[in-house]
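Let's take a friendly walk through a protein model. Have a look at the structure, and then read on.

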Amino acid sequence: MEQVLEFKESAPLAHYEASGCFITCFDFRQYPHTDDLLKLLFGESRFDMVRIAGGAKDLATEKDDKKSAAGRNFILDQIRISSRLHGTRRVVLTLHLNCGAYGGSEAFGNNLNAEREHHAEALKKAAWAVSEEIPGVEVECFLIGNKIVWRV
């Protein structure tokens, strides 16, 4: 085995309580925005991060939608695990503009208002799904734009 990296400090081994569970898209273009949002929402506290194609998209689908069922169940399971292992009671759901999982902005005719409205409704459905499946968690939703983040 070849050592490839050594950290300045070791990772803490002690069990921790998370301030929240953050669900976001894995699109690297969003990393700077999600990092800034995380700092705003959680400061220096600990949180559990779930990056999945489309972010909260699959949560907004109907339970019987077989195409999205695996993604929906995966996200819900991650939130349950975060809650069980780290005491998470706060869940942050995000979507972003020009998301490939939705077909990009082109799927909305490059109409910013139509895309924003669609994603806002999807986030509301996603929040309802989390609240229904995992009672007792506080759910917050955000839509990430190119330079702006909106609370939904």
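## Salt bridges

R151 and E140 meet through their side chains in a salt bridge, with 3.1 Å from N to O; a salt bridge here is a side-chain nitrogen of Lys or Arg within 4 Å of a carboxyl oxygen of Asp or Glu. The pair links distant parts of the chain, since R151 is in strand β5 and E140 is in strand β4, eleven residues apart. Helices (H or I, at least four residues) and strands (E, at least two) are DSSP runs, numbered from the N terminus.

Before going further, a word on where this comes from: this is a predicted model, in which local features need pLDDT of at least 70 and side-chain atom pairs count only at pLDDT 80 or more, while totals for chains, interfaces and linings use all residues. Residues are numbered from 1 along each chain as its sequence is written, and side-chain values use heavy atoms, with hydrogens and water left out.

Are the two partners, R151 and E140, buried or exposed? R151 is exposed because its relative accessible area is 57%, whereas E140 is buried because its relative accessible area is 10%. The cut-offs are these: buried means under 20% relative accessible area, exposed means over 50%, and partly exposed is in between (1.4 Å probe, protein chains only).

How many salt bridges does a search of the whole structure find? The search finds six.

| Salt bridge | N and O separation |
|---|---|
| R151 and E140 | 3.1 Å |
| E133 and R80 | 3.2 Å |
| K124 and E121 | 3.3 Å |

The pair of E133 and R80 also links distant parts of the chain: E133 belongs to helix α3 and R80 to helix α2, 53 residues apart. E133 counts as partly exposed because its relative accessibility is 26%, and R80 counts as partly exposed because its value is 31%. D77 joins in too, as D77, R80 and E133 are linked in a network of salt bridges.

K124 and E121 are three residues apart in helix α3, so about one helical turn separates them. K124 is partly exposed, with a relative accessible area of 47%, and E121 is partly exposed as well, with 38%.

Next, look at helix α1 (residues 31-42). Its twelve residues should span 16 Å at 1.5 Å a residue, and its end C-alpha atoms are 16 Å apart, which agrees. The expected span is 1.5 Å times one less than the number of residues in the helix.

Which residues of α1 are buried? They are T34, L37, L38, L41 and F42. These residues cover an arc of only 105 degrees around the axis, so they are on the same side of α1; the arc is that of the directions from the helix axis to the C-beta atoms. The face turned away from this buried side carries the exposed residues D36, K39 and L40. The buried residues of α1 pack against β1 (21-24), β2 (48-51), β3 (90-96), β4 (138-144) and β5 (149-151). After α1 comes G43, with a positive phi near 60 degrees.

Helix α3 (112-133) can be checked in the same way: its 22 residues should span 32 Å at 1.5 Å a residue, and its end C-alpha atoms are 31 Å apart, which agrees. Among the buried residues of α3 are L123, A126, A127 and V130. What covers the buried residues of α3 includes α2, β3 and β4.

## The enclosed strand and the core

Strand β3 is largely enclosed by the rest of the structure, because seven of its seven residues are buried. R90, V92, T94 and H96 point one way from β3, and V91, L93 and L95 point the other way. Three bridges join β1 to β3, and these strands run parallel; two strands pair if DSSP finds at least two bridges between them. Seven bridges join β3 to β4, which also run parallel.

L93 brings us to the largest nonpolar core, which has 27 residues; I23, L59, I79 and L93 touch the most other members. A nonpolar core is a set of buried Ala, Val, Leu, Ile, Met, Phe, Trp, Tyr and Cys residues joined through side-chain atoms within 4.5 Å. Helix α3 gives the most to this core, with five residues.

Terms used
Contact means heavy atoms within 4.5 Å.
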